Amino acid sequence: MSPRSSSVVAGLDPGIALAVSILRAAGVETFESCEGGPGHAFACPTVRFHGQPAAGFLAYSVALDHAWPVDAVRRVWTVVDGELSGPFWEITFWECPALP
């Protein structure tokens, strides 16, 4: 199935939805995303995903294959109700990925 077909995930921010769909099609287990900017949960376009240590490399390789403007790929722990939660992965972009 082409990433441009009905595989785009409904309900996501339009600026990040197709990138999430392409990452998922490549086997990246996404669970949170945002196109970023004023009025959004994140300052910059962000996709969070689960996975073992190699998952970050997979997501980065997908981004490289699509020439997306990657800012960072990192392991993240958040603090929820005073306790560490995680780790999970996060890939951020300088701007929403331009998609052909």
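This is a predicted model: local features need pLDDT of at least 70, side-chain atom pairs count only at pLDDT 80 or more; totals for chains, interfaces and linings use all residues.
Because Trp68 sits in the loop between α2 (53–65) and β3 (70–80) while Phe93 belongs to strand β4, the pair ties together parts that are 25 residues apart in sequence.

I count three aromatic pairs in the structure, and next I turned to the one formed by Phe49 and Trp89, which is stacked, with 6.1 Å from centre to centre and 5 degrees between the planes. Phe49 is in strand β2 (residues 46–50) and Trp89 in strand β4 (residues 83–93), so this contact joins parts of the chain that are 40 residues apart in sequence. Are these two residues buried or exposed? Phe49 has 0% relative accessibility and counts as buried, and Trp89, at 9%, counts as buried too, because the cut-off for that class is under 20%.

Entry 3, Arg48 and the salt bridges.
I moved on to charged side chains and found three salt bridges in the structure. Arg48 takes part in one with Glu32, where the closest N and O atoms are 3.2 Å apart; since Arg48 lies in strand β2 and Glu32 in strand β1 (residues 29–34), the pair ties together parts 16 residues apart in sequence. Arg48 is buried, with a relative accessible area of 15%, whereas Glu32 is partly exposed at 32%.
I also recorded a salt bridge between Arg48 and Glu90, with the closest N and O atoms 2.8 Å apart. This pair links distant parts of the chain, Arg48 being in strand β2 and Glu90 in strand β4, 42 residues apart.

Which residue meets Glu90 in a salt bridge at 2.7 Å, N to O? I found that the partner is Arg74, and that this pair, too, links distant parts of the chain, with Arg74 in strand β3 and Glu90 in strand β4, 16 residues apart. Glu90 counts as buried at 8% relative accessibility, while Arg74, at 33%, counts as partly exposed.

Key
Residues are numbered from 1 along each chain as its sequence is written. Side-chain values use heavy atoms; hydrogens and water are left out. Rings of Phe, Tyr and Trp (its six-membered ring) pair if their centres lie within 6.5 Å; planes under 30 degrees apart count as stacked, over 60 as edge-to-face and the rest as tilted. Helices (H or I, at least four residues) and strands (E, at least two) are DSSP runs, numbered from the N terminus. Buried means under 20% relative accessible area, exposed over 50%, partly exposed in between (1.4 Å probe, protein chains only). A salt bridge is a side-chain nitrogen of Lys or Arg within 4 Å of a carboxyl oxygen of Asp or Glu.
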